[in-house]
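Please consult the sequence and the model shown here while reading.

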Amino acid sequence: MTTAVEFQKVDILFGDDRQKAAALPLVDAGASRADILAETGAVLGCAGCDLTVERGEISVLMGLSGSGKSTLLRAVNRLNTVARGDVTVHDGDWQANVVTCSEAELRKIRRECVAMVFQQFALLPWRTVAENVGFGLELAGMPAKERRARVMAQLELVHLSDWADKYAHELSGGMQQRVGLARAFATQAPILLMDEPFSALDPLIRTKLQDELLELQERLKKTILFVSHDLEEALKIGNRISIMEGGRIVQTGAPEDIVLRPENDYVRDFIANVNPLSVLTAWNVMRDVRDLENAGEGWMWLDRRRTTRFKLDANMLVVDAERNGAPAIWVSCDNMEKLPEDRPKVYWATAGTPLKTVMQAMHQSQTAPVALFDEASRFVGAIGIRDVLRAVIRR
Amino acid sequence: MDPLSEWIADRKIPIGRWGRDFFDFLTTNFAWLFDTLARFLAGILDSLVDLLLAIPPFLLVLIVAVLAYALQRSWKLALGVALGLAFIINQGLWKETVETLVLVVAAAAASMAIGVPVGIWAAHNRRVYQFLRPILDLMQTLPTFVYLIPVLILFGLGAAPGLIVTVIFAAPAPIRLTYLGITSVPQPMLEAGQAFGATKRQLLWKVELPAALPSIMAGLTQCIMLSLSMVVIAALIGADGLGKPVVRALNSVNIPLGLEAGLAIVVLAIILDRIARIERGSDR
């Protein structure tokens, strides 16, 4: 993987130069925002933020309002100036430090490398939809004819072709934000900054646009830095999530890391109300084969209650199964619905199977454990009912 | 009077004399400059008046009505404009109306030409605005008659001093409204411009000015109305137009003449206001 955006020890302060200079030592000492404000008059935006965004991933900055997430995002195209530290933007072989680069380089970054989607859409109401989408291209000096072709292609992408010559204010909120998306895509910048893009929309439209974004991302493979205050949203679209508090990043990790292994009480409180079924997979909850109880003669218990066991060969392939002492068949939980009810069954899942499907399989098989197979059908672990319960109530 | 007040009154600061000395200095040293400027401005205004008077009134009415339709897309307005102007012809005030029209349009154009750039400058630079604000207050509150006298001394009688007094009176409106329009452009719009790599100039032309346009246009209509309200005062220092019959009517207590000329000014005001009004079909 290659890096697209890199934050190194980024501090952002608001205030005049003297206040900022006075505040930096306090930032180093780990002082809180309130202390820094009281002592120096400077407002702490971000402190000591380190983050690497890989090319093609969706990295979510997550936190309550005032946590500094938008502030950090806006450092990438210098809408906020960085007091200390480096923000490096990579575009292919080219790279530039946003903090120190010249005006000309900054314009190149803004026109060609980094596009932005705003919370309040920030469309220009005196322009038509097509003119809004072509705004970035127009600033970069692209001729009108070429621009029109590019704009129409972008509108196609967000299903707004019929609205090209309407004015932005004639569209609904969801449609306006699609225009915002198309405007950002139009410059073909590889990096996309999204500052709470869906927060101003009602829940149904929000979900729909999240799905559309994920679908577009499948095809376009942009690098997206996404700010959100909604954990469900972050877990849904993020490949990586950074939780921020008081201007500092408190934990960075994959969505299931955040849910299963919160590093401190702040993160724990944060995830307390999130539905774990939306992030967890079979892999996250299984007990490894090495931790399972041996039943002798090549047999192995799948559960602590000793209701179900597999007989494994040397390659860890299942050769026989037993459930409550009677021979059983082992079947994939992907085609749960179509199977006859006649014989005892043991379902198996793969690493990426959602926890919800695993739970359904358990329900179908009268709480039998679910086995976990890898791509080569080798037995790697098992999920008992207690494993599921523990993951759901997070104990 | 008490001794303290007497003491203060005895030491009168000679502001009036200083002012006179200053204008004496200007007239003795720069008379040629003011004369040239006055002749130049009067030349432009007179030739414009001559040009418009050379067109048959009926044709000019038609042109103005067509212009009204072109700008506002309304048959009703075009018809109203034609009827209003026909009324003026009917009252025998056509020549005066054309003179006033030229003065008002020229003053409004000059005020906008000064006001919009100054307003933009003030909006982008706090210091400029702080410096400008008391001057604008002064321009708008100082009684017109006070600066009528020095302008009269510097430029003599005629259309040129009329134009200058009108501009002094009318220019603060476009300056203030342009300033207001530019400073109230929503922050997200400015950031959208910056985020997509706009230069300062692009930001001005593609974001700030279009966003401020309704406010700037309000400045234009205000500017026209303020110019019209100066018509009578400009007539006092010799500017031709509808103000003259009003002044004459005042001096001779001539009710019919005052009424006719006054109505003509009102008709002209309504026509100019409706034509210059730009309302954007947006719900912002």
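## Strand 19 of chain A

In strand 19 (residues 370-373) of chain A, Val370(A) and Leu372(A) point one way, while Ala371(A) and Phe373(A) point the other way, and all are buried. A residue is called buried if 20 or more other C-beta atoms lie within 10 Å of its own, exposed if 12 or fewer, and partly exposed in between, with C-beta atoms placed from the backbone. In a regular strand the side chains alternate between the two faces of the sheet.

Strand 18 (residues 345-349) of chain A runs parallel to strand 19 of chain A, and two bridges join them. Strands are taken to pair if DSSP finds at least two bridges between them. Leu372(A), in strand 19 of chain A, is the bridge partner of Ala349(A).

## Basis of the model

The model is predicted: local features need pLDDT of at least 70, side-chain atom pairs count only at pLDDT 80 or more, and totals for chains, interfaces and linings use all residues. Residues are numbered from 1 along each chain as its sequence is written, and chains are lettered from A and ligands numbered from 1 in the order in which they are written. Helices (H or I, at least four residues) and strands (E, at least two) are DSSP runs, numbered from the N terminus.

## Annotated span and a loop residue of chain A

An unreviewed UniProt entry lists "domain: ABC transporter" for residues 31-271 of chain A. UniProt positions follow the numbering used here, feature names are shortened, and annotations may be inferred rather than shown by experiment. The span is 41% helix and 23% strand, and its end C-alpha atoms lie 26 Å apart.

Ser65(A) is located in the loop between strand 3 (58-62) and helix 3 (69-73) of chain A. Ser65(A) has 8 other C-beta atoms within 10 Å and is therefore exposed. From C-alpha to C-alpha, Ser65(A) and Cys333(A) are 42 Å apart in space, and they are 268 residues apart in sequence.

## Chain B as a whole

Chain B has 14 helices and zero strands. Its C-alpha atoms fill a box of roughly 65 × 60 × 40 Å, taken along the principal axes. Of the 284 residues in chain B, 36% are buried.

The annotation "domain: ABC transmembrane type-1", from an unreviewed UniProt entry, covers residues 97-276 of chain B. Over these residues the chain is 87% helix and 0% strand, with the end C-alpha atoms 18 Å apart.

## Helix 7 of chain B

Helix 7 (residues 144-155) of chain B has twelve residues and should span 16 Å at 1.5 Å a residue, which agrees with the 16 Å between its end C-alpha atoms. The expected span is 1.5 Å times one less than the number of residues.

Val151(B), Leu154(B) and Phe155(B) are the buried residues of this helix. They lie on the same side of helix 7 of chain B, because they cover an arc of only 70° around the axis, the arc being that of the directions from the helix axis to the C-beta atoms. On the other side, Phe145(B) and Val146(B) are exposed. The buried residues pack against helix 2 (15-54) and helix 8 (159-170) of chain B. Just after helix 7 of chain B, Gly156(B) takes a positive phi of about 75°.

## Where the chains meet

Contact (C-beta atoms, placed from the backbone, within 7 Å) links 19 residues of chain A with 15 residues of chain B. Helix 4 (103-113) and helix 6 (135-139) of chain A each supply at least two residues of the side of chain A that touches chain B.

How values were computed. Two residues are in contact if their C-beta atoms, placed from the backbone, lie within 7 Å.
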